[in-house]
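Work through the following exercises with the sequence and the model at hand. Each task is followed by a solution that goes step by step.

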Amino acid sequence: MRGLFFRNAGSLDNLKVEELPVPVPKAGEVLVKVFAAAINPSDSKNVLGKMSETQTPRVPGRDFAGNVVAGDSQWDGKSVFGTGGDLGFGRDGSHAEFVTVPVEGLVEMPTGLSYENASSIGLGYLTAFAAIVRTGAVKRGETVLVTGTTGAVGSAAARIAAWKGARVLGTARSIRELGKRHDLSFVEWIDLESRPLQQSVKKLTGGKGADLILDVVGGPLFAVCLESLAQRGRQVAIASAGGPDVSFNLVNFYHREAHLMGVDTLKLSFGESAEILKALLPGFKEGIFSPPPVEPVSLDEAIGAYRAIAEGSTGKKFVIRFARADLNRL
């Protein structure tokens with residue numbers, strides 16, 4: 001089979017397209033013929049040596065969609081998608097023509113989703129649900145602030161919060177950023193250029209603050225998000241742009257009786273990830289959730305997509321599109 005492969009982490013120059021042996025499923029696993037596999041920022045970080053979980057040599061790739069071709073007769077021939085576990089880090093991932101996946105990590109594809117779209121929703125919606133529902137415990141009627149709301153995780157989180165009956169506040173670097181986000185019309189937008197974030201949040205909430213904040217940025221927004229919390233509010237952090245160290249007013253923090261929590265999707269097992277994706281399926285079937293805009297690339301073009309993501313490319317989500325013919329080429 002053909003796939004992306006790197007023997008050592010530290011540079012994208014180490015990522016190559018190579019001929020590799022088809023993996024053999026172990027007990028409790030299946031072999032999936034990959035038709036589509038999204039490329040995430042963490043995939044680039046994986047190759048660049050920025051993820052402590054990386055074990056080399058390795059095929060990268062966290063999200064997949066395809067057909068089961070071997071390993072479990074109950075799943076044979078079914079169209080599946082998924083993400084999670086140590087896929088692409090501690091075991092070979094989805095950026096190759098075939099991948100082995102534990103049975104508990106499989107989710108059957110719903111009608112109406114293409115392979116490209118199914119592969120594109122995995123990590124973004126998984127992260128958003130884990131942060132907003134699983135960790136943040138959002139409640140109906142609460143006010144939720146999501147930073148980076150126009151990105152893949154932020155937009156998914158906004159939709160999930162609204163689905164759960166919450167009021168959603170979102171941030172944009174400037175009002176110009178919102179020109180094409182008619183799909184998020186339910187969000188009450190905060191223009192970060194106009195005034196400090198905490199002032200905007202307090203104004204929109206009558207001085208109370210947000211009950212739950214998902215901070216997908218960290219770094220420069222971390223402390224001001226804490227200052228935007230309501231009494232006994234919860235803040236969930238999933239990233240730290242600009243560096244790992246932050247500072248904040250500890251006295252204000254404990255007087256507010258605030259809760260600070262972190263989410264790392266690499267700590268979710270295959271089974272936990274699949275359960276989250278299954279919980280999201282009704283939202284996709286009802287048209288409440290939607291996949292991000294996809295830009296298909298070939299396997300040979302994928303390294304260029306890795307570089308674009310590492311350089312901060314935004315907009316459409318790159319998805320590797322594999323040939324769907326010759327399912328029996330094992």
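**Exercise 1: the cores**

Isoleucine 160 touches Tyr125, Ala128, Phe129, Ile132, Val133, Leu280 and Phe289, where residues up to four places away in sequence are not counted and contact means heavy atoms within 4.5 Å. The model is a predicted one, in which local features need pLDDT of at least 70 and side-chain atom pairs count only at pLDDT 80 or more, while totals for chains, interfaces and linings use all residues. Residues are numbered from 1 along each chain as its sequence is written, and side-chain values use heavy atoms, with hydrogens and water left out.

Task: state which residues of the largest nonpolar core touch the most other members, and which element gives the most to this core.

Solution. Begin with the term: a nonpolar core is a set of buried Ala, Val, Leu, Ile, Met, Phe, Trp, Tyr and Cys residues joined through side-chain atoms within 4.5 Å, and buried means under 20% relative accessible area, with exposed over 50% and partly exposed in between (1.4 Å probe, protein chains only). The largest core has 47 residues, of which Phe81, Tyr125, Ile132, Val144, Ile160 and Leu280 touch the most other members. Next, the elements that give two or more residues to this core are β3 (29–38), α2, β8 (143–146), α3 (152–163), β11 (210–215) and α7; helices (H or I, at least four residues) and strands (E, at least two) are DSSP runs, numbered from the N terminus. Of these, α2 gives the most to the core, with 11 residues. Apart from this core lies another, of 29 residues, with Leu12, Val32, Val34 and Tyr306 among them.

**Exercise 2: helix α8**

Task: determine which residues of helix α8 are buried, and how they are arranged about the axis of α8.

Solution. In α8, which spans residues 302–310, the buried residues are Ala302, Ile303, Ala305, Tyr306 and Ile309. Seen down the axis of α8, these buried residues fall within an arc of 155 degrees, so they line one face of the helix; the arc is that of the directions from the helix axis to the C-beta atoms. The partners come next: the buried residues of α8 pack against β1 (2–5), β2 (16–19), α1 (41–47), β14 (294–297) and β15 (317–321). Just after α8, glycine 312 takes a positive phi of about 95 degrees.

**Exercise 3: salt bridges**

Task: for the salt bridges of glutamate 18 and arginine 134, name the partner and locate both residues of each pair.

Solution. A salt bridge is a side-chain nitrogen of Lys or Arg within 4 Å of a carboxyl oxygen of Asp or Glu, and the structure holds 16 of them. The side chain of glutamate 18 meets that of arginine 7 at 2.5 Å, N to O. This pair links distant parts of the chain, with glutamate 18 in strand β2 and arginine 7 in the loop between β1 and β2, 11 residues apart. Glutamate 18 counts as buried at 18% relative accessibility, whereas arginine 7, at 46%, is partly exposed.

The partner of arginine 134 is glutamate 272, at 2.8 Å, N to O. Arginine 134 lies in helix α2 (residues 115–135) and glutamate 272 in helix α7 (residues 270–285), so the pair ties together parts that are 138 residues apart in sequence. Arginine 134 is partly exposed, with a relative accessible area of 46%, and glutamate 272 is partly exposed as well, with 31%.
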